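Welcome! Let's get to know a structure together through a few questions.

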Amino acid sequence: MKASWDIFCSVVDNYGDAGVTWRLARQLVAEHGLQVRLWIDDLSAFVRLCPGAEPLARQQWQEGVSVCQWPTEWVNTDIPDVVIEAFACRLPTGYTEAMLQRSPRPLWLNLDYLSAEDWVSGCHGLPSPQSNGLKKFFFFPGFSAATGGLLRETSLIEQCHAFQRDIVARQDFLKGLGIEALPDARLISVFAYENPALGSWLDALASDSRPTHLLVPEGRILGDLQRWLGIDDPLRAGFIQVRAGLTVQVLPFIRQELYDQLLWSCDFNIVRGEDSFVRAQWAGQPMLWHIYQQEDDAHLPKLDAFLKLYLAGLTPAAAQAVNQFWQRWNVSGDLGECWAALAEHWPQIERHAERWCQQQAAQTDLATALVQFYVNSL
Ligand code: TRH
């Protein structure tokens with residue numbers, strides 16, 4: 001019989017919580033043949049990632065996953081073999097009581113946020129005994145073999161490479177989104193949070209001798225873009241305008257699989273949060289991470305920890321250029337000058353992005369690591 005898994009997702013903000021759990025649920029079904037229920041408390045976030053899904057359904061099937069509305073008033077249900085609470089969301093009390101009654105007890109995992117900090121490998125897989133007698137394990141994604149790894153479907157890198165080699169497929173994909181880029185234009189996607197310094201970078205792109213086509217999915221950065229353009233009305237998908245060497249185009253929010261292809265199509269990707277950050281690494285292209293801002297700047301050591309790993313292998317000058325652009329973007333500072341420094345090292349940064357992707361892809365992926373953890377627990 002197929003092992004049964006429940007994944008609980010509470011949407012705190014944005015799309016990352018739903019994005020990670022939906023991706024994991026799909027992979028556990030498609031590649032590991034498991035029976036998976038995904039409980040989400042805010043289906044509106046899920047529907048953005050999976051258009052066609054029902055925003056009000058109590059239960060629906062999507063790609064073999066049973067997607068359930070996590071009700072405010074919990075209704076008792078059967079307890080599966082494995083329970084994952086994503087990002088330390090609190091399970092319903094009635095549910096944990098039922099976990100206690102089940103024989104054998106389910107494996108209970110807290111799937112944590114992704115961080116490159118050193119302490120993660122020491123905490124990955126540790127048990128945390130609960131007051132009710134149950135035991136919960138911490139499961140940390142990460143970048144080293146001592147962590148749970150990153151979400152990556154088995155054939156992802158192959159698919160990405162095939163797409164990147166196929167000029168017609170790329171062109172057709174872009175055309176499908178209404179993108180007609182000049183043949184020599186640099187294509188850049190920008191999925192980022194608000195950034196008051198955005199204008200200094202756009203000035204640099206507009207005055208560059210090489211044209212740039214900037215693709216901006218609908219989202220939180222649009223206000224800064226609108227201000228730079230000096231336009232009164234809010235920008236919407238379909239908006240396109242040329243300013244000297246820079247073409248700015250606003251894209252609709254597209255389904256998760258299509259967003260991957262957008263990342264594969266671009267020469268440079270600006271991404272944010274947790275999930276798009278990982279997907280940009282799998283695209284094997286230069287990238288910039290706009291990290292999710294936390295209270296007391298708790299996000300900055302996380303940014304530094306990732307950079308420490310990511311920059312290894314670049315020449316000191318190239319590493320400095322990447323580091324400076326990322327730091328300025330995240331802390332806010334003039335971006336024009338450091339964009340020029342980055343451009344100087346571009347071929348090296350491109351090779352490095354591909355190398356980093358290969359290096360990370362050599363590790364066990366997160367879904368497989370979770371399944372192994374379960375098998376070892378039996
Ligand atoms: O939306 P985010 O900012 O989510 C964040 C992070 O997860 C962060 O760690 C968390 O603490 C915070 O929310 C509460 O960024 P993220 O993680 O990249 O999630 C965006 C999802 O949206 C990702 O799965 C990719 C997807 N996406 C699409 O499917 N289509 C699109 O057009 C775009 C732009 C994104």
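Predicted model: local features only at pLDDT ≥ 70, side-chain atom pairs only at ≥ 80, totals over all residues.

Q: How are helix H12 and helix H13 oriented, roughly parallel or roughly antiparallel?
A: Look at residues 316-331 for H12 and residues 336-344 for H13; their axes come within 8 Å and cross at roughly 150 degrees. Angles over 145 degrees count as roughly antiparallel. Therefore H12 is, relative to H13, roughly antiparallel.

Q: How many nonpolar residues does the contact of H12 with H13 have?
A: From H12, the contact uses Ala321, Val322, Gln324, Phe325 and Arg328, while H13 brings Cys338, Trp339, Ala341 and Leu342. By class, 1 of these residues is polar and 1 is charged, and the number of nonpolar ones is 7.

Q: Which strands are among what covers the buried residues of H8?
A: Helix H8 spans residues 222-229, and its buried residues are Leu222, Asp224, Leu225, Gln226 and Leu229. Their cover includes helix H7 (198-206). It also includes three strands: S10 (212-217), S11 (240-243) and S12 (246-251).

Q: How many disulfides does a search of the whole structure find?
A: A disulfide needs two cysteine sulfur atoms within 2.5 Å. For Cys50, the nearest cysteine sulfur belongs to Cys9 and is 14 Å away. For Cys123, the nearest is that of Cys89, 19 Å away. Across the whole structure, the number of disulfides found is 0.

Q: Is Cys123 buried or partly exposed?
A: Buried means under 20% relative accessible area, and exposed means over 50%. Cys123 has 26% relative accessibility, so it counts as partly exposed.

How values were computed
Residues numbered from 1 in each chain as written. Heavy atoms only, no water. Axes fitted to C-alpha atoms, helices over the stretch in contact; angles between N-to-C directions. Helix = DSSP H or I, 4+ residues; strand = E, 2+ residues; numbered from the N terminus. Parallel < 35°, antiparallel > 145°, perpendicular 65-115°, else oblique. Contact = heavy atoms within 4.5 Å. Nonpolar A, V, L, I, M, F, W, Y, C, P; charged D, E, K, R; others polar. Buried < 20%, exposed > 50% of the residue type's maximum accessible area, 1.4 Å probe, protein only.
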